[in-house]
Amino acid sequence: MDTYFLNLQQELTEIYHHLHKIPEIGLQEYKTSAYICQKLTEFGISPLEHWLDTGVVAVIKGNGNAPAVAFRADMDALPVQEESSCDFTSCHSGYMHACGHDGHTAMLLGFAKYLHDYQDRLKGDVVLIFQPAEEGPGGAKLLVDAGLFEKHPVRCIIGCHIFPQIPQGKIGCRKGAMMARNGEVDIHIYGQSAHGAQPQLGYDAVLAAGAVITGLHTILSRNVSPLDNGVLTFGSIHGGEACNIIAKEVILKGTMRAFSDTTYDIMVKRIQETASGIAAGYGCRAKAVFRHMYRVVDNDPALVALLEEVAGAHYEETPPYMLAEDFSLYMQEIPGMFFFLGSGNPQKGYTHSLHSASFRFDEEILSLGVATYAGLLEKLQK
C-alpha cells in the first residue's frame, strides 16, 4: 500500500472514533452531517451541497474530459444499545453504529482528503455522496428522486461495506447479483370472536394463522424454480384477546428476499393467493400488505474486473448474500459496483455480525478501503 494511505491511518482512526460516538438514525443525522462538513472544509473542499437536510454532496473538480465518477458512503446508525468496553463508545443511549456506517463515512472523508491533495491528477470530476437513511426509509431512492443524477451526471457509482464474514484485509465482490431484493409483508387475518368453550360459534383467526404460515412456506418449494433462491420469514405474530376467547384478528409480519425480480414477483402474487385461500378454508379472510424496499445489488461486470486488478491478491469472490442494501437503487439508474471490505479477525475478537450490539472492527482496514477507492478511480479515469 502507498505510504500516503498508511500515513492517513491516524486521521482515519480519529474520524471513525468521533463518528462512532455520535450515532444518529435515518434523516436525523444532524451532528454527523455537521461533522462531515467540518472535515471537508478543513481539507479545503468547497462548496458543499446539502440534500435531504442531512445528506452532503461534494464535487472534486477534475482537469480533463474523463466522465465523472461517484462514490457513496452511508452515514446513519441503528436503534441498538451498544455493548462495548471501548473508550469511544456511543454517547447516544439506545443508538449505535452497529453496521459500520461510521467506518464507511470515515473512508470517504479520507478519500476526499486524498482527492484534494492530488487534485491535479484528476482527469474528471469525482462526486462524493454522504447519504443518510440507508437503514430506512432508503436515502438512495430519496436522493435519486430529488434529482441527484440530473444535477451530477456520472459514468458509474461505487460503494463499499465493512463485512465481518470476510477475513480482515480481503476485498470481496462478485459479478452480477450479490445482494438480494427485499420487502416486508403484513398479513391480516380476520375471523369472528366467540367464547372459547363454544368455538363452533366463531371463526378462529389464530388457527387460520397457523395454517397460513405453514402453507406460505410451500411457495418456495412449489412455485419457485429449485434453481432460484428466495427467503420468506415471519418473525412476528400478534393476535387474540384472552385465552378463553376465539381470536377475531391476527397479524403476521414477515420479510421476503430474492435474487431476481421474477422470483420476487412470484412470491408477492402467491403470498396473497395462498393466504386468502387457506384463511377462507377456516371461515376467515386474509389481506396481505406489502412494503417493497430495496432491489438486487447487481454489480457491473466491467467494474468488478477493475476491482480484481486493483485488489490483486487481496481479492476474493464472495458468494451472494440474502442481505439487502439501498445502494441497489442507484443501480436502477446507472452502472454500479458494491464491494465488501473484510473485517473478520478472530484473534482480536472482531467476529460479531452486522447489527450486533458488540460489532467492532480493526481501524487498520480503513486505509485499505481508501487505497482501493483511489486505485479504482485511477483505472476508471485512464
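Because the model is predicted, local features are described only where pLDDT is at least 70 and side-chain atom pairs count only at pLDDT 80 or more, while totals for chains, interfaces and linings use all residues. Residues are numbered from 1 along each chain as its sequence is written, and side-chain values use heavy atoms, with hydrogens and water left out.

**The open sheet**

Start by showing the strands as a cartoon; helices (H or I, at least four residues) and strands (E, at least two) are DSSP runs, numbered from the N terminus. Eight strands form an open sheet in the order 1-2-4-3-5-16-6-15, with mixed pairing, where two strands pair if DSSP finds at least two bridges between them. Select residues 48-51 and then 315-317, and you will have the edge strands, strand 1 and strand 15, each of which pairs on one side only. On average, neighbouring strands of this sheet are turned by 30 degrees against each other, direction ignored; axes are lines fitted to C-alpha atoms, for helices over the stretch in contact, and angles run from 0 to 180 degrees between N-to-C directions.

Next, select residues 66-74 and 124-131, which are strand 3 and strand 4, paired in the parallel sense over seven bridges. Asp-74 stands opposite Gln-131 of strand 4.

**The cores and the aromatic rings**

Select Phe-71, Phe-111, Leu-128, Tyr-330 and Phe-339, the residues with the most contacts inside the largest nonpolar core, which has 96 residues. Such a core is a set of buried Ala, Val, Leu, Ile, Met, Phe, Trp, Tyr and Cys residues joined through side-chain atoms within 4.5 Å. Helix 12 (residues 365-380) gives the largest share of this core, ten residues. Around Phe-71, leaving aside neighbours within four places in sequence, the contacts include Leu-108, Phe-111, Leu-128 and Tyr-373; contact means heavy atoms within 4.5 Å.

Phe-71 also belongs to one aromatic cluster with Tyr-4, Phe-5, Phe-111, Tyr-114, Tyr-118, Phe-339 and Tyr-373. Rings of Phe, Tyr and Trp (its six-membered ring) pair if their centres lie within 6.5 Å; planes under 30 degrees apart count as stacked, over 60 as edge-to-face and the rest as tilted. Zoom in on Tyr-4 and Phe-5, an edge-to-face pair at 5.4 Å centre to centre with 80 degrees between the planes; both residues are buried.

**Strand 8 and its partners**

Now select residues 181-190, strand 8, where eight of the ten residues are buried. Strand 8 pairs in the antiparallel sense with strand 12 (residues 249-258) over ten bridges, and also with strand 13 (residues 285-292), again antiparallel, over eight bridges. Highlight Ile-189, whose bridge partner in strand 12 is Val-250, and which stands opposite Ala-286 in strand 13.

**Two last residues**

Is Ala-77 buried or exposed? Ala-77 lies in the loop between strand 3 and helix 4, and with a relative accessible area of 3% this residue is buried. Not counting residues up to four places away in sequence, Ala-77 touches Pro-23, Glu-24, Ile-25, Met-96, His-97 and Glu-135.

Finally, select Gly-235 in strand 10 (residues 230-239), which is exposed, with a relative accessible area of 73%. Gly-235 and Gly-254 are 19 residues apart in sequence, with their C-alpha atoms 5.7 Å apart in space.

Terms used:
Buried means under 20% relative accessible area, exposed over 50%, partly exposed in between (1.4 Å probe, protein chains only).
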